[in-house]
Amino acid sequence: MQPLDQFAAELSRVPPTACHVQSSLTQPPSPHLAHPLPDRFPPWLLAMLSTCGITHLTPGQAEALTQLHDGRHVLFAAPNGRGLVRQLAMFQSIGIDRQGHSLWLFPFKHREQAQRQLLLQFNDQLLPDHQLSVATYDGDTPVTERRAIRQTVPHLVFTTPEMLHAGMLAYHSGWRALFQQLRFVVIADLHLYAGALATHLGHLLRRIDRLARHYGSQPQFLLTSDPLADAAHIAQILVGHACEIVHGEAWQPYDQHRVMMSTTEDVTDAGRAIASRLLQARLPSLVLTTAATAPSTLEAIDAAEQRILKREETILALSPHTPPEMVRPGVFRALLCLGLPPSITALNTWLTRLGNGHESSLAILLLTGQTPAERYLLRHPDAYQASGAQALPLTLHNPYVLQQHLLCTASEMALGTGEPYAGIYNLDDHLAYLAKRRQVIHRTEARQWTATERRPHRRLQLRWLERPYMLWNQQDTQRVGRLEAARAFRICFEGGTYLNDAHEPFHVERIDDERFRVTLRPAPGASPTQAQIQAEVSEVRPKGSVITPTYRLTFGSLEYRETITAFERLDPHTKRRQSVHMLPSRQRLSRTQGVWLHVPHHAPEVQARMRTALHTVVHVVIAALPVCLLMAPDDIQGGVHALTHDGQANLNAFFTDSHAGGSGASRALYEAGEQVLSAALSLMQQCDCQHGCPQCGIERCDSCASGIQRDREAGIELLQQVLGVTIVPASQVMLAPSAESTHTPRHLYLNLTTQKASDDVGGWQHKHLLGLGIAVIYDTASASYHVYTEETIESLMAHLQRADLIISFNTRDFDYQILQPYTDVPLPTLPTYAMLDEIQRALGYRLSFKHLLKETLGVERPDDRLDTVAWYRHAQSEAIINACRRDIDWMRDLIRQISHTGSLRYRDRTDIQHDVLLTLPFAERYG
Ligand SMILES: [Zn+2]
Ligand SMILES: [Zn+2]
């Protein structure tokens, strides 16, 4: 075997023909962060770990275990070492107490086998009294075994989301013993839930929690994942309770060489040359290639690994879509990726599979740069090293998914009137809708909602957001595939060509929208087709906004109407349009979620250029999404549309969830905000085309058919204006969490309005019932306003928790009272400057905001507190936002006044003006 370091050096010095080294670096071993095993571990557990060679933990592992021991919900996000945390969490609780159960969810079956092996390995070292029993309860478990598991529930039950949903929650009374003593719900590999599954998971966890509480237990949630961006937000949505986020360290005990190469040739051909060098050097290597015809089952991979360990073979080729977890760490010393794996998260996971623990390893990434994500990576090789960059889109607010889960919830156990469902605050509306369809009945006397169907579970499919279309081959009546409704609409139209997974063309004969069926006929050699789609948005309802001096980004719900009237036939090789064919008009109307970007401008002559620039930005932002989010590019659609606002039509770049009801993709785009816009800007800057091209943008958006131009320069100008930058330096890759090196304190000014007036809820003593209308925050760190509503409340909480100081007027007695029902974070413990409290402390009595403004600043504040309630009722959010922003600006003026003079002015009852002396809890001067 050739020494690996020598091999890596040679590869960089003399790369194979047609391959160019773009970057090459050696990742040093990560510092050996050893944390002693916790004192609370009993001797038998310490002895077992020592026998297995585990003498210490990483600080992250230790922290996660301590938080769990203290009874908290935990999300442990780490590139490796997650399995040990899951197992030790069980031994340190159930293993010691000898009672309680734990439910483990695995998104894919092969993962549970690896976990089971690890557990059995631990058990082998223990006396029977300390061992943990485990059973797998999934679709493959024989019926007789299923009964035995239900009767004698083991400590650990491994299952899949589907089996949990239809086999356990639906028949919960048979699982009484489990639910009575359910101590943990463990979610392995959260990052693999990308897509519909993540959204369903949030509801499944609520249903488990609810049944467990009914049977008398309160399970703790342990979520484990590869590093994710926005982990706190994701955990909050999923669990519905405060969740500790613990970031674990990468454990890489030896050097890792990372070489990134580009090629202008076919990636498989170019890769062959590198693979043959690996073969010659006899380095145990893993090759990821779409050309792999190799094993995909765990058993087959296992067998191949054995042959490699025995030196009978050197190379294992796998499809890049193989979950990295199927490969055992420690077998391979080199990884060759021909093209980018499905996501950057997946790439980083593959890197953690490398190395045998006592020698250096080598990763080679060969890219063509033909896709925007590859192009981005070639320019930003740091993304190849920084893990934890991507966010996982999901939403609780997809009404179709929510209503199906509500039906299951009500059939599992009647829903009490007013029963909470964490994260959803208009449950009654959804139940009323289901009642109208006679799917639930309200029993007034019992104050309960019950489902009319006994077990509606079987109709709910956890891997889909909408009912999928079935594709049938009419010749042999075999199923060709299934498609999400949104995709079926866009790619299946009568007369068009459908390509199956193996790229075999079929002629689309018929579409049956009532039965969700598409009939196909094989059509070898048929040229590809593409629909001409036009889209309109209407009924736009904002749920959150970020307002800066240069742009306004809004998230909300909207109606999206797509129309197809024609399709194009394309040349199979050049993809150029050959002909256009008219179709009978077909429409799809969906209420969904979206994000829209508005850039204010004043001169009318820039209107046309603005349209071109926004159109370019639509293409490039969608192309940049896979860099920042764990999603497929066709989860989002885009176009340029006008919104009327204050009697004026404003152009906006729209990004809309493709799935009816929303998938969380646009919400994740909204949360990632400037990170995505920066990646988009970078993509355009590294291109040299004029009108946008497939390397710097998606090929087609929903406004292309309306004839708007694209112009790369105009797009760059627009995003530079938005981001307030002229050049994006390579070091400012937004992938890595932005390091705030010079920390200026983040002060948040908070102002909020309610849904109801005090009279509606029986007086001020019932403040907690007023409900959040709209909250506005001014963030001094970014000089921007942020708008929140009930639907974006987790983001508001996360924002408040990032503050160095929260400043508002009547904070403790009003603002926090309104917000507290939405969270289990004790709000009064947050760092707060409540002006009203300070005045009361100084004077012994209170003064109104209006009074202080008048006396100190000489301004007259209108009494519009009640108007905001009326505006809320009439969905006039803009008027509320303006009122809140005005009050915040005045609040900032008052703080500036205190900062300069140390006081505010007021007038006493005898009409004499005084100064009330106040001090601020921060030193720096304002204004
Ligand atoms: Zn381009
Ligand atoms: Zn377009």
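Arg 841 sits in helix H24, which covers residues 835-843; helices here are DSSP runs of H or I with at least four residues, strands are runs of E with at least two, and both are numbered from the N terminus. This is a predicted model, in which local features need pLDDT of at least 70 and side-chain atom pairs count only at pLDDT 80 or more, while totals for chains, interfaces and linings use all residues. Residues are numbered from 1 along each chain as its sequence is written, chains are lettered from A and ligands numbered from 1 in the order in which they are written, and side-chain values use heavy atoms, with hydrogens and water left out.

Is Arg 841 buried or exposed? Arg 841 counts as exposed because its relative accessibility is 63%; the cut-offs are under 20% relative accessible area for buried, over 50% for exposed and anything in between for partly exposed, with a 1.4 Å probe and protein chains only. Leu 918 is 77 residues away from Arg 841 along the chain, and their C-alpha atoms are separated by 9.5 Å.

Now let us turn to two buried residues. Thr 754 belongs to strand S29 (residues 747-754) and is buried, at 7% relative accessibility. Its side chain reaches the backbone oxygen of Lys 756 at 2.7 Å. Leaving aside residues up to four places away in sequence, Thr 754 touches several others, including Leu 770, Phe 814 and Tyr 872, where contact means heavy atoms within 4.5 Å. Asp 226 lies in the loop between strand S9 (220-225) and helix H10 (231-239), and with a relative accessible area of 2% it is buried too. Among the residues that Asp 226 touches, not counting those up to four places away in sequence, are Arg 82, His 191 and Thr 349.

Next come the aromatic rings. The structure holds 14 aromatic pairs; rings of Phe, Tyr and Trp (its six-membered ring) pair if their centres lie within 6.5 Å, and planes under 30 degrees apart count as stacked, over 60 as edge-to-face and the rest as tilted. Phe 91 and Phe 122 have ring centres 6.1 Å apart and planes at 70°, so this pair is edge-to-face. The pair links distant parts of the chain, with Phe 91 in helix H4 and Phe 122 in helix H5, 31 residues apart. Both Phe 91 and Phe 122 are buried. Elsewhere, Trp 104, Phe 106 and Phe 158 form one aromatic cluster.

Methods: Polar contact = N/O pair within 3.5 Å; in protein donor to acceptor, adjacent residues only side chain to side chain.
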